[in-house]
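Here is a short briefing on one protein and its ligand. Look at the structure first, then read the points below.

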Amino acid sequence: MAELPPEIDTSRPSSARIYDYYLGGKNHFAADRKTAEAVLAAAPVARTVARENRAFLGRAVRFLAAEAGVRQFLDIGTGLPTERNVHDVAQEVAPSARVVYVDNDPLVLVHARALLTSSPAGRTAYINADLRDPASIVSSPAARETLDFSQPIALILLGVLHTIVDEDQPAAIMKTLLDALPPGSYLAASHVTAEHWPQDLAEEGQSQYRAQSGPLRVRDSDEFADLAFSGLALLPPGVVLVSEWRPDDSGPRPTPSEVSYYGGVARKP
Ligand SMILES: C[S@@+](CC[C@H](N)C(=O)[O-])C[C@H]1O[C@@H](n2cnc3c(N)ncnc32)[C@H](O)[C@@H]1O
């Protein structure tokens, strides 16, 4: 692991590192593993949830680059770098693709160099910023220098909107972000849900997460669709469990309670 600056508190769990633990990554500490195991004990599906969401990221970004022809990506709530980051997937299709990454976890900043390994034809940048201050993201010099805001941009909000509680005014956040994008832009979003969990499990899993890792607002599919995709044209198959969004094969897939993430991709008219 890269040398850690003092502002990184390894004694407290972080959602980015817990997610990394579920994905089988290497960037987590004892406090993260303890929380992750506590959540797994209450909600054993948490690991499958993370993996299905990450697989959706791969399929959605590949679709956006290959079929929708998008060449610019703004990925907010990036997470710790892994094997298949947005630029890895997009530049496989289009080496000139440009990606701006945004996360508010200082540990992601420490690892940002791994996110900046763009193909020579493309470009990547990293911004340490908070989704709750969307104006600072879309007006930042790094975003403005890397992306051309007169051309379509795919906004990627995967696994992050559920950290935005109602008091943070999530609808206003979405409006600021989407207003900054030109027509023909896209949004890919995913969101955790407790809709398919037995009530006691849902409550226990959420309270474990909240107590140790921060705010969490689970939403059902209608709440998620309203928040993320209002005013946009949802592409088929609409808002579905991430495992059901244009799967690569017809093999067996996990059950709805094992997935517990909704996802969708939409176009700004
Ligand atoms: C579950 S991970 C998702 C990673 C990746 N987008 C994916 O879907 O595989 C959530 C990420 O969002 C980041 N995050 C949480 N709240 C945020 C906020 N308010 N602003 C920016 N990033 C945030 C966390 O630090 C973490 O890296």
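How far is a nitrogen atom of the ligand from a polar backbone atom of leucine 158? The distance is 2.9 Å. Keep in mind that this is a predicted model.

- Aspartate 103 places a polar side-chain atom 2.7 Å from an oxygen atom of the ligand.
- Asparagine 104 also takes part: an N or O atom in its side chain is 3.3 Å from a nitrogen atom of the ligand.
- On its own, the ligand exposes 610 Å², and the protein buries 95% of that.

**The shell around the ligand**
- There are 19 residues around the ligand.
- Those that come nearest are Tyr19, Asn53, Arg54, Gly77 and Asp103.
- By type, the shell has six nonpolar, eight polar and five charged residues.
- Helix 1 (15-23) and helix 3 (46-66) each supply at least two residues of this shell.
- Helix 1 gives the largest share, with three residues.

**The protein as a whole**
- The protein contains 11 helices and eight strands.
- Its radius of gyration is 17 Å, close to the 18 Å that the globule rule gives for 269 residues, so the protein is as compact as a globular protein of that length.
- The C-alpha trace spans about 45 × 45 × 40 Å along its principal axes.

**Inside and surface**
- Of the 269 residues, 54% are buried.
- Take the contacts between residues at least 6 apart in sequence: 74% of them join residues at least 24 apart.
- The protein exposes about 11600 Å², and carbon and sulfur atoms supply 51% of that area.

Key. Residues numbered from 1 in each chain as written. Predicted model: local features only at pLDDT ≥ 70, side-chain atom pairs only at ≥ 80, totals over all residues. Heavy atoms only, no water. Near = heavy atom within 4 Å. Polar contact = N/O pair within 3.5 Å; in protein donor to acceptor, adjacent residues only side chain to side chain. Areas by Shrake-Rupley, 256 points an atom, 1.4 Å probe, with all protein chains shown as cover. Helix = DSSP H or I, 4+ residues; strand = E, 2+ residues; numbered from the N terminus. Nonpolar A, V, L, I, M, F, W, Y, C, P; charged D, E, K, R; others polar. Rg over C-alpha atoms; globule rule 2.2 N^0.38 Å. Buried < 20%, exposed > 50% of the residue type's maximum accessible area, 1.4 Å probe, protein only. Contact = heavy atoms within 4.5 Å.
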